[in-house]
Amino acid sequence: MNAPEYLPSLTVRASSWAGLFDCAYRWEGIHLLKLRNVVGLRAALGTAIHAGTAVFDQSRLDGTGLTADDAAGAMVDTLRDPENEFDPTRDDITISEAERVGLTLVSKYCIEVSPRYDFVAVEMETKPLDIDCGSGVIVRLTGTMDRARIRRQGDGVGIADLKSGSAAVQKGAAVTKGHGPQIGTYELLYEHTTGQPITDDAEIIGLKTKGAAEIGTGTIRNAKRVMVGGDGAPGLIEFAAEMFKTGRFYPNPKSLLCSEKYCPRYATCRFHD
Ligand code: SF4
C-alpha cells in the first residue's frame, strides 16, 4: 500500500505575510516563484534607516550605550553595503541625498522619538506558527518581526512598527492605511511566542523620506481580529488558507505596488491596466 500523499508544507517569513493581502498574485511571484524584485534607492534607504534605528533601540535594551551618532554610522554602512542592492536608475534621488535624508531621520528618531518609548523587544524572533490550510497543506510562519518593536505603556503591551517611505507621514501623522494585516500578524505571533496577550493598541511610527524629514505616529486597533476573525466572520488567515489549499492567488491591479517598479510579475501579469 502506498503511503498517503501530502502536499509539501511551506515556510513563509512572517514579515512577508501581509503582502499576501495586498496582491496575492504578486506575493506568489516573489515568494513562491522566486521572481526577483530589484528595489530602487528609496527602498534601500528605508532598509538603512531601519538598520540604524534598530541598532539604537537594541542598545537601549541591552544598556550598551550606543549614541545617535553610532546609529547614524550603522545607517550609512548599510546604505553603502553592496548587499543592500538597488537599481540607481529607479528613483529620483542620489546616494548623497539619500545619505542626508537618512542621517536626519535617524538622528531625529534617536534623540526625539525613541526615548519616549519603553521597548521590551526589538525585531523579536518568533516561535514558528503553523497554519493548517486543510488537505494536508501546512503553512509555517517564521522569522523575526522585522522593523517592529514591542512597547510597554503602563500595564499595556503593544506593537510599535516603524514604516519609512516617501509618504509615510501625512498631515503630521503616520499613515496607517494598509498596515493592519502586518500588525495583526505580529500581534498573533507575539502572543504565540510569549504566551502573553497583547493588551494595547498598535502604533505605526512613520518616517518620511521625501521632502522635509518628518516622523509621526498613528494608531491601529483590533488588527489581530482582522487576521483571525470572530463572531462568525472569517479572518484573513481563513482566506489565506484557501489560497494555499487551492493554489489560487488572486491579483489586485489596484494595489499601490502594481507597477513595473514594484512588481516583478508586471511584465507577464495580464491583470493590470
Ligand atoms: S502587476 Fe499588479 S495585479 Fe499583477 S501581480 Fe503585479 S501587483 Fe498584482
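Trainee: How many bridges join S3 to S4, and do the two strands run parallel or antiparallel?
Mentor: In this predicted model, S3 and S4 are joined by five bridges, and the two strands run antiparallel.

Trainee: What do S3 and S4 form, and how many residues lie between them?
Mentor: Together S3 and S4 form a hairpin with two residues between them, and Ser135, which sits in the turn, has a positive phi of about 55°.

Trainee: OK, zooming out a bit, in what order do the three strands of that open sheet come?
Mentor: The order is S1-S4-S3, and the pairing in this open sheet is mixed. Strand S1 (10-13) and strand S3 (129-134) are the edge strands, each of them pairing on one side only. On average, neighbouring strands here are turned by 25° against each other, if you ignore direction.

Trainee: In which sense do S1 and S4 pair?
Mentor: S1 pairs with strand S4 (residues 137-142) in the parallel sense, over four bridges, whereas S3 and S4 run antiparallel.

Trainee: Which helix lies across S1, S3 and S4?
Mentor: That is helix H7 (residues 236-246), which runs at about 65° to S3.

Trainee: Switching to the other sheet now. Which strands form the open sheet that has five of them?
Mentor: Going across that sheet, the order is S2-S5-S6-S9-S10, and here too the pairing is described as mixed. Strand S2 (118-122) and strand S10 (214-220) stand at the edges with a single partner strand each, so one side of each has no neighbour in the sheet. Neighbouring strands of this sheet are turned by 30° against each other on average, again with direction ignored.

Trainee: How many bridges join S5 to S6?
Mentor: There are six bridges between strand S5 (residues 148-153) and strand S6 (residues 156-165), and these strands run antiparallel. Ile150 stands opposite Ile159 in S6, which gives you a place to start looking.

Trainee: And the helices on that sheet, which strands do they touch or cross?
Mentor: Helix H2 (residues 41-62) lies across S2, S5, S6 and strand S9 (202-208), and runs at about 115° to S2. Helix H5 (residues 180-194) also packs on the sheet, where it touches S5, S6, S9 and S10, and its direction makes about 140° with that of S6.

Trainee: Back to H2 for a second, at what angle do the axes of H2 and H3 cross?
Mentor: The axes of H2 and H3 cross at roughly 145° and come within 8 Å, and the crossing is right-handed. Among the residues that make the contact are Leu45, Ala48 and Phe56 of H2, together with Ala71, Met75 and Thr78 of H3. By class, the residues of the contact of H2 with H3 are 13 nonpolar, three polar and no charged.

Trainee: You mentioned Thr78, what does it touch?
Mentor: Leaving aside residues up to four places away in sequence, Thr78 touches Thr47, Ala48, Ala51 and Asn84. Thr78 lies in helix H3, and although Thr78 and Ala48 are 30 residues apart along the chain, their C-alpha atoms are separated by 5.0 Å.

Trainee: How do the axes of H3 and H4 cross?
Mentor: The axes of helix H3 (residues 68-80) and helix H4 (residues 95-113) cross at roughly 150° and come within 9 Å. Because of that angle, H3 is roughly antiparallel to H4. The crossing of H3 and H4 is right-handed, and the contact includes Ala72, Val76 and Arg80 of H3 as well as Glu99, Leu103 and Val106 of H4. By class, this contact of H3 with H4 has 12 nonpolar, one polar and two charged residues.

Trainee: Last one, which residues does the UniProt domain annotation cover?
Mentor: According to the UniProt record, which is an unreviewed entry, the annotation "domain: PD-(D/E)XK endonuclease-like" covers residues 20-270. In the model, that span is 38% helix and 22% strand, and its end C-alpha atoms lie 18 Å apart.

Methods:
Residues numbered from 1 in each chain as written. Predicted model: local features only at pLDDT ≥ 70, side-chain atom pairs only at ≥ 80, totals over all residues. Heavy atoms only, no water. UniProt positions renumbered as here; feature names shortened; annotations may be inferred. Pairing = 2+ DSSP bridges. Axes fitted to C-alpha atoms, helices over the stretch in contact; angles between N-to-C directions. Contact = heavy atoms within 4.5 Å. Parallel < 35°, antiparallel > 145°, perpendicular 65-115°, else oblique. Left-handed = near helix turned anticlockwise from the far one by under 90°. Nonpolar A, V, L, I, M, F, W, Y, C, P; charged D, E, K, R; others polar.
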